[in-house]
Amino acid sequence: MSNVANLVAKLDASQANRGLKGLTDKLGGVKGAALAVGAAVGVAAVAGVAAFAKSSISAFAEAGDEVQKMALRTGFSTEALSELRHAAELSGTSLSSMENGVKRMQRTMLDAEQGLSTAVDAMELLGVNMDDVAGKSPEEQFRIMTEALAGVEDASKRSAIAQQVFGRAGTQLLPMLAAGKQGLADMRQEAHDLGIVFDQDAANSAAEYQDSLTKLKGAFQGIQFAIGKALVPVLIPLIEKFTEIAMIAAQVLGPAIKGIVVAFSISAKWSEILIAIIKILINTWILMGEELFKVAEKVPFLGAALSKLGEIARA
């Protein structure tokens, strides 16, 4: 091979090595960027998981607490209330509206038992007598009454009976009953299929968690109240003193500034007027500051805070 050929071969090899190194460097940069992106995605994923976990706990606790406490108020099981909440929400109403209907239903049955004519007539129109519901649990009574209402074919009559038996909440229950007995049963079963039914233990756990949060909030409020109780008696005289200084300042500043303006207007030295006004304002703030530090001497941590603010201002 000639000298020229050797030189060309060497140049080609050198260029190839440089190109390979450049490619490797670029790949290294891409790898670093990929790792950075991967790390960012990982951090975002962890944050997302944490946020989802937090929202999951809140959703579980709030929903479980609601059915647990409503079960205590109505006598229904937590399972039944979970099922009925799903049916109510699918029908455009709410569990709280249903609870109002249950309360009115129970009063209607009591009135009918005592012979009140309007309640007796409402039960007769519904096709239910007291023997059908006597001794039954509130949950079972609600089932009997709603199934009877769903069976009323005339829409106008059904709406009127619903209001008589369940009160204003009666008409809100009608969409839930529109599909009849089987339709309501299907919605209740769907709640189980979706995993949104609380048994008693789960509802109790949710309620206990919510109660713990309420207690924690109360503990922090207790700290706030203790601080407020300690500071208010000390701050009242301070506020009164500030008010007194402000009232005096209001009475004095106007005439004083007017006099300064008149005195200096002859020479038109507005800079001197401005300086004089600033001095008056500074003296007013000094009076207020003195009163504040008098209070600070009585409250150790307030005095320390003011001293710290002074250090920051001087820095």
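This report describes the fold, the aromatic pairs, one glutamate and a surface patch of a predicted model.

**Overall fold**

The secondary structure consists of twelve helices and zero strands. Read from the N terminus, the order of elements is therefore α-α-α-α-α-α-α-α-α-α-α-α, because strands, like helices, are assigned as DSSP runs and the chain has zero of them. The chain has 315 residues, of which 27% count as buried. Among contacts with a separation of 6 or more, 64% are between residues 24 or more positions apart.

**Aromatic pairs**

Three aromatic pairs are found in a search of the whole structure. In one of the pairs, the ring centres of phenylalanine 60 and phenylalanine 198 are 5.4 Å apart and the planes stand at 35°, so this pair is tilted. An angle of 35° falls between the limits for stacked (under 30 degrees) and edge-to-face (over 60). Phe76, Phe142 and Phe166 form one aromatic cluster.

**Accessibility of selected residues**

| Residue | Relative accessible area | Class |
|---|---|---|
| Phenylalanine 60 | 38% | partly exposed |
| Phenylalanine 198 | 8% | buried |
| Glutamate 99 | 6% | buried |
| Isoleucine 57 | 43% | partly exposed |

Phenylalanine 198, at 8%, is buried because its value is under the 20% limit. Phenylalanine 60, at 38%, is partly exposed.

**Glutamate 99**

Glutamate 99 is a residue of helix α3 (residues 95-113). Its relative accessibility is 6%, so glutamate 99 counts as buried. With neighbours within four places in sequence left aside, glutamate 99 is in contact with Met70, Arg73 and Thr74.

**Nonpolar surface patch**

A nonpolar patch on the surface is formed by Ile57, Tyr209, Leu213, Leu216, Phe220, Ile223 and Ile227. Together these residues have about 660 Å² of accessible area. Helix α10 gives the most to the patch, with six residues. Isoleucine 57 is located in helix α1. With a relative accessible area of 43%, isoleucine 57 is partly exposed.

Terms used
Residues numbered from 1 in each chain as written. Predicted model: local features only at pLDDT ≥ 70, side-chain atom pairs only at ≥ 80, totals over all residues. Heavy atoms only, no water. Phe/Tyr/Trp six-rings, centres within 6.5 Å; stacked < 30°, edge-to-face > 60°. Buried < 20%, exposed > 50% of the residue type's maximum accessible area, 1.4 Å probe, protein only. Helix = DSSP H or I, 4+ residues; strand = E, 2+ residues; numbered from the N terminus. Contact = heavy atoms within 4.5 Å. Patch = residues over 30% accessible without salt bridge, like charges linked within 9 Å, V, L, I, M, F, W, Y side chains within 5 Å. Areas by Shrake-Rupley, 256 points an atom, 1.4 Å probe, with all protein chains shown as cover. Salt bridge = Lys/Arg side-chain N within 4 Å of Asp/Glu carboxyl O.
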